[in-house]
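Let me put the model on the screen. I will go through some side-chain pairs and how exposed their residues are.

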Amino acid sequence: MIDKLKKNIQMESRLVAELMDFLDKIERGNKVEKEILIDIISSLKNRIKILNDSIPEILTEVNFKESYANIKSESIKKDNSSVRVSIKKKNLEKYLEELSISKELIKRLKTNDRKKETKNKFRRGGGIYSKISNKFFLGVSQKSISSGSFKNLLIDLKKSNIDILSASYLSMMFFSTLISFFVGIFLTIVFIYVSVSTTSPFISLYEGEMLIRIAKVSWITFAVPAFVFLLFYIYPGVERKSLGKMIDQELPFVVIQMGSISGSGIEPVEIFKIIGLSGDYKYASKEIIKLLNQINIYGYDLVTALTNISRSTPSPRLSELLMGLATTINSGGDLDAFFTKRSESLLLEYTLEREKFTKIAETFMDIYISVVIATPMILLLLLVLISVSGVGLGIGITEMSLLIILLVGVVNILFLVFLHLKQPRY
């Protein structure tokens with residue numbers, strides 16, 4: 001009897017541990033994972049209930065024959081080992097069914113995790129183009145990094161969270177510049193023999209002095225690779241600034257949540273774990289996960305990790321917050337008071353930025369009314385007056401109308417792009 005009871009309790013302990021583990025995972029899972037995890041938890045609860053149901057029968061065992069009639073021992077495979085549990089005969093089939101359901105659901109969950117991992121691996125790095133670039137220019141890139149060249153570019157690349165190694169990115173930059181040089185030569189040759197004009201025919205063979213033509217178009221050979229090189233050079237900086245703005249817009253709400261969590265007296269590392277794994281903040285959570293990696297993988301203490309991330313983050317406000325937090329923890333200050341004051345200042349800055357955007361939108365609304373609505377009406381009125389007076393402009397009414405429509409369309413697109421760029425993401 002004691003042996004049966006012991007084995008049942010051991011199995012229940014394992015099931016409870018699994019239950020707690022899946023309950024922890026459900027907070028971090030996506031929609032599909034949460035649905036699977038809910039079903040797994042339900043199946044585990046049913047198995048625990050069935051095992052619990054058999055305990056009174058085991059405890060009241062007096063007559064061996066009576067016990068044998070009501071209780072059935074069954075070997076259950078768990079982690080490549082066999083555990084023997086005692087279950088009521090009438091519940092045995094139900095228990096095995098729930099066990100099968102749990103195994104199938106866990107298998108589905110692992111398959112989903114593998115798919116997600118494969119997808120992330122596929123998206124990391126520069127792919128085939130990066131491999132080809134490294135084949136030709138990896139040595140040059142490594143020498144450039146060792147000599148201290150492209151220092152600002154490498155800093156921007158690190159802060160922009162681009163999933164490409166520094167040497168690989170430089171290899172891609174050099175390889176793309178080389179390819180664009182040949183593209184530039186090809187375009188130069190084309191434009192030596194081909195002339196492009198705004199009047200019909202738009203494209204025609206060039207008829208004139210070839211030396212003068214070569215002198216006029218030879219700049220294309222060097223302009224194309226220079227443009228490609230410049231594009232690769234400035235892209236990480238642009239990405240860093242964009243990412244920094246995204247983090248700045250999330251930061252007031254991150255700090256408010258941190259303050260509310262710290263009020264419960266929880267450890268600072270746990271605060272970052274809750275924020276980083278919650279999935280509520282798309283951009284700030286990446287920086288917090290970097291912080292957790294420094295602690296859990298590299299073994300740094302919290303203050304050192306905060307200092308390191310404050311130097312590599314693209315957001316100046318987050319950098320200031322992490323440095324202030326490191327100082328507060330190091331000096332034994334009140335974290336709750338620190339988060340409260342910092343959240344108030346960040347929320348004030350956020351409110352001022354929203355008000356600033358509102359003022360900009362109002363100003364551009366006035367400009368839009370003047371330029372896009374009033375100006376075309378004035379131009380069309382002038383066109384009518386010109387056509388009535390008989391004054392010739394060298395352009396017909398149809399062409400003039402199409403030009404005005406095109407101009408209005410371009411101005412509208414520019415306004416939309418500008419407002420989209422200026423609009424806060426939160």
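Glu353 is partly exposed, at a relative accessible area of 33%. On that scale, buried means under 20% relative accessible area, exposed means over 50%, and partly exposed is in between, with a 1.4 Å probe and protein chains only. This is a predicted model, in which local features need pLDDT of at least 70 and side-chain atom pairs count only at pLDDT 80 or more, while totals for chains, interfaces and linings use all residues. Residues are numbered from 1 along each chain as its sequence is written, and side-chain values use heavy atoms, with hydrogens and water left out.

Which residue does Glu353 meet in a salt bridge? The partner is Arg317, at 2.7 Å from N to O. The criterion for a salt bridge is a side-chain nitrogen of Lys or Arg within 4 Å of a carboxyl oxygen of Asp or Glu. Arg317 lies in helix 13 and Glu353 in helix 14, so this pair ties together parts that are 36 residues apart in sequence. Helices here are DSSP runs of H or I with at least four residues, and strands are runs of E with at least two, numbered from the N terminus.

Arg317 also forms a salt bridge with Glu349, where the closest N and O atoms are 3.3 Å apart. That pair again links distant parts of the chain, with Glu349 in helix 14 (residues 335-389) and Arg317 in helix 13 (residues 316-331), 32 residues apart. Glu349 is partly exposed at 33%, and Arg317 is partly exposed at 22%. Together, Arg317, Glu349 and Glu353 are linked in a network of salt bridges.

How many salt bridges does a search of the whole structure find? The search finds five. Among them is the bridge between the side chains of Glu287 and Lys290, at 3.5 Å from N to O. Both of these residues lie in helix 11 (residues 284-296), three residues apart, about one turn of the helix. Is Glu287 buried or exposed? Glu287 is buried, with a relative accessible area of 1%, whereas Lys290 counts as partly exposed at 23%.

Now the aromatic side chains. A pair of aromatic rings is described by the distance of the centres and the angle of the planes. Rings of Phe, Tyr and Trp (its six-membered ring) pair if their centres lie within 6.5 Å; planes under 30 degrees apart count as stacked, over 60 as edge-to-face and the rest as tilted.

The structure holds 13 aromatic pairs. One of them joins Phe150 and Tyr233, which is tilted, with 6.4 Å centre to centre and 55 degrees between the planes. Phe150 sits in the loop between helix 5 (127-146) and helix 6 (151-159) and Tyr233 in helix 9 (residues 219-262), so the pair ties together parts that are 83 residues apart in sequence.

Tyr233 also pairs with Phe229: the centres are 6.5 Å apart and the planes at 20 degrees, so this pair is stacked. Phe229 and Tyr233 are four residues apart in helix 9, about one helical turn. Tyr233 is partly exposed at 29%, and Phe229 is partly exposed at 28%. Both belong to one aromatic cluster, whose members include Phe150 and Phe174.

Last, Ser144 in helix 5. Ser144 is buried, at 12%. Leaving aside neighbours within four places in sequence, Ser144 is in contact (heavy atoms within 4.5 Å) with Ser149, Phe150, Leu170 and Phe174.
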